[in-house]
Amino acid sequence: MSAYQEKWVEVLEAAGLDGWKIEAVDDYDILVEMPNVSDLKIVRDNVPQVIAAFSLDIDVPKDRLRFIFKNGNEVFDYILNPNQEDLGSGD
């Protein structure tokens, strides 16, 4: 686990999101499992603003990080600090 990934897990766990499970996956992913009653569209619409606010508490060097959000019925990814492959540079 990277220091950046570890710090994000700590920050998200400290947020006290009741019923949400947050765990590191692989080297650069964080799985965020929400209760089935969570509306993933609302979460997806607000992720950029929430991540930006939480990032103020992150003081380690930044890496590419993929958040995987799921609620039992749906799943979506959000990539923070995307690399060229994520951006589809098409070299």
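Mentor: Accessible areas come from the Shrake-Rupley method with a 1.4 Å probe, and for residues only the protein chains shown count as cover. This is a predicted model, in which local features need pLDDT of at least 70, side-chain atom pairs count only at pLDDT 80 or more, and totals for chains, interfaces and linings use all residues. Residues are numbered from 1 along each chain as its sequence is written, and side-chain values use heavy atoms, without hydrogens and water.

Trainee: What share of the accessible surface of the protein chain belongs to carbon and sulfur atoms?

Mentor: The accessible surface of the protein chain comes to about 5,700 Å². The part that belongs to carbon and sulfur atoms is 49%.

Trainee: In what order do the elements run from the N terminus?

Mentor: Helices (H or I, at least four residues) and strands (E, at least two) are DSSP runs, numbered from the N terminus. The protein chain has three helices and four strands. Their order is α-β-β-α-β-β-α.

Trainee: Which residues of α1 are buried?

Mentor: Buried means under 20% relative accessible area (1.4 Å probe, protein chains only). Of the 91 residues of the protein chain, 29% are buried. In α1 the buried residues are Y4, Q5, W8, V9, V11 and L12.

Trainee: Within what arc do the buried residues of α1 fall, seen down its axis?

Mentor: The arc is that of the directions from the helix axis to the C-beta atoms. The buried residues of α1 line one face of the helix, because they fall within an arc of 165°.

Note on methods
Buried < 20%, exposed > 50% of the residue type's maximum accessible area, 1.4 Å probe, protein only.
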